[in-house]
Amino acid sequence: MTYLTFRKSSYSGHDQDCVEVAHIPSGFRKSSYSGRGQDCVEVADLPCGAAVRDSKHPDTGHLPFPAAEWAGFLSAALSR
């Protein structure tokens with residue numbers, strides 16, 4: 001299993017309590033589960049799962065999911 005590589009944020013202080021960040025790939029694509037309209041869900045593959053975001057507001061962030069949770073979500077979505 002591959003994990004995201006986290007590093008200490010440049011905004012953190014010099015003490016041990018700090019914020020860590022990881023690079024999220026920018027390769028978002030329209031999900032195959034989205035409809036034909038312009039409003040859709042976009043998905044990006046992560047080394048350890050997937051991330052989703054709203055195509056109407058891509059700059060507002062994304063939701064990352066670990067591989068097991070993403071697989072469970074897709075299984076539940078496909079069974080409906």
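I began with R29, which forms a salt bridge with D45, the closest N and O atoms being 3.5 Å apart. R29 lies in strand 3 and D45 in strand 4, so this pair ties together parts that are 16 residues apart in sequence. The criterion I applied for a salt bridge is a side-chain nitrogen of Lys or Arg within 4 Å of a carboxyl oxygen of Asp or Glu. Strands here are DSSP runs of E with at least two residues, numbered from the N terminus.

I record the basis of the entries: the model is predicted, local features need pLDDT of at least 70, side-chain atom pairs count only at pLDDT 80 or more, and totals for chains, interfaces and linings use all residues. Residues are numbered from 1 along each chain as its sequence is written, and side-chain values use heavy atoms, with hydrogens and water left out.

**Entry: R53 and E42**

I next looked up the contact between the side chains of R53 and E42, a salt bridge at 2.6 Å, N to O. R53 belongs to strand 5 and E42 to strand 4, so the pair ties together parts that are eleven residues apart in sequence. I also found R53 listed in strand 5 as the bridge partner of E42.

**Entry: K56 and D54**

I then noted a salt bridge between the side chains of K56 and D54, at 3.4 Å from N to O. By the stated rule, I count three salt bridges.

**Entry: accessibility**

Which of these residues are buried, and which are partly exposed? I used under 20% relative accessible area for buried, over 50% for exposed, and partly exposed in between (1.4 Å probe, protein chains only). E42 counts as buried at 15%. R29 is partly exposed with 41%. K56, at 44%, counts as partly exposed, and D54 also counts as partly exposed, at 27%.

**Entry: strand pairing**

I checked the pairing of the strands, for which DSSP must find at least two bridges between them. Strand 3 (residues 29-30) pairs with strand 4 (residues 41-46) in the antiparallel sense over two bridges. Within this pairing I looked up R29, whose bridge partner in strand 4 is V43. Strand 4 also pairs in the antiparallel sense with strand 5 (residues 49-54), over six bridges. I noted that strands 4 and 5 form a hairpin with two residues between them.

Methods
Helices (H or I, at least four residues) and strands (E, at least two) are DSSP runs, numbered from the N terminus.
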